[in-house]
Amino acid sequence: METEGVRTDRLGLLLDQFDQAREMAQVRLTGLGDEEYLWEPVPGCWSIRRRSDAATPRAFGPGEWVLDLGEADIPASEYAEVARQAAGGMTIAKIADDWSVSTERVEQILAHTGTPEPDSAPVSTIAWRLGHLHFHFAGGWEWTFGERRQEPKTLVDFTPSAAVALERFWALIDRWRDSVAALTDEQLDKVGFSQYPYASDPDDPYIAVLSGANLEFIHHMAEIALLRDLWRARFTTPG
């Protein structure tokens, strides 16, 4: 259905939302240079690094450059999502497997007892945020529209070049969007249409997966936009 140029069907609404977010993000990322792309606003940032310089225990990537990833845990910012998943019927074992933590850790979070809450996720660079998005969308495409066999952590060759990273990212996003646009209502409603292994996709109807993908794109691009603002203001002092 379309009303005065605005689609009102389920898929159309999600596609229009994504297209607008993508357009704004591409404008915001215009002119991104390598120094800003890799800028660490505070010590201990997560970023991309040469494999020999990896600073986190689970950094990954198929090539010379890897994406930082720390010890497995569930960030405090995701506790509400864990509670929602449990209330919706997801088993503790499945939640634990999705986050690569023990079932005991999930039980502690759900009970609000046990070990102290972890710190919030580390501050990250633009390179990390973009790489994180690229990794998830590449894996999401492979495990929905592709052969459903390649390990997502091997799909993105991370790079210190902002221009190369953006060129590869937008190409992947356009392929993903084209595949999504061809979905049928039956596929949208199918539970497990996506078998992406690093989320709850196998347990969710694909329409819910798409909604989550939009939110992932929007919130990480908002964080990147903020980092760009901080970059421009980094040497500004109050008058």
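This is a predicted model: local features need pLDDT of at least 70, side-chain atom pairs count only at pLDDT 80 or more; totals for chains, interfaces and linings use all residues.
**Exercise 1. How do helices H6 and H9 run relative to each other, and which residues meet?**

Step 1: Find the two helices. H6 covers residues 126-142, and H9 covers residues 206-232.

Step 2: Look at their axes, which come within 9 Å and cross at roughly 165°. Angles over 145 degrees count as roughly antiparallel, so H6 is roughly antiparallel to H9. The crossing of this pair, H6 and H9, is left-handed.

Step 3: List the residues that meet. On the H6 side they are Ile 126, Arg 129, Leu 130, His 132, Leu 133, His 136 and Phe 137. On the H9 side they are Ala 213, Glu 216, Phe 217, His 220, Met 221, Glu 223, Ile 224, Leu 227 and Arg 228.

Step 4: Sort them by class. The contact of H6 with H9 contains nine nonpolar, three polar and four charged residues.

**Exercise 2. Which residues line the largest cavity, and which element gives the largest share?**

Step 1: Begin with the count. There are two cavities of 30 Å³ or more, and the largest holds about 90 Å³ of space.

Step 2: Pick out the lining of the largest cavity in the structure. Tyr 37, Ala 127, Leu 130, Gly 131, His 134, Val 156, Asp 157, Phe 158, Thr 159, Ala 165 and Arg 168 form this lining.

Step 3: H6 and helix H7 (162-181) are the elements that give two or more residues to the lining of the largest cavity. The largest share, four residues, comes from H6.

Step 4: Sort by class. Six nonpolar, three polar and two charged residues make up the lining of the largest cavity.

**Exercise 3. What surrounds the second largest cavity, and how many charged residues are in its lining?**

Step 1: Note the volume. The second largest cavity holds about 40 Å³ of space.

Step 2: Find its lining, which is made of Leu 14, Leu 15, Phe 18, Trp 176, Val 180, Leu 210 and Asn 214.

Step 3: Helix H1 (10-28), H7 and H9 each give two or more residues to the lining of the second largest cavity. H1 gives the most, with three residues.

Step 4: Sort by class. The lining of the second largest cavity has six nonpolar residues, one polar residue and no charged residues.

Technical notes. Residues are numbered from 1 along each chain as its sequence is written. Side-chain values use heavy atoms; hydrogens and water are left out. Axes are lines fitted to C-alpha atoms, for helices over the stretch in contact, and angles run from 0 to 180 degrees between N-to-C directions. Angles under 35 degrees count as roughly parallel, over 145 as roughly antiparallel, 65 to 115 as roughly perpendicular and the rest as oblique. A crossing is left-handed if the near helix is turned anticlockwise from the far one by less than a right angle, and right-handed if clockwise. Contact means heavy atoms within 4.5 Å. Ala, Val, Leu, Ile, Met, Phe, Trp, Tyr, Cys and Pro count as nonpolar, Asp, Glu, Lys and Arg as charged, and the others, Gly among them, as polar. On a 1 Å grid over the protein atoms alone, a cavity is a set of points where a 1.4 Å probe fits but cannot get out, and a pocket is an open set with protein on both sides within 12 Å along at least five of seven lines; lining residues have an atom within 4 Å of a point. Grid points are joined across faces, edges and corners, and a volume is the space filled by probe spheres set on the points.
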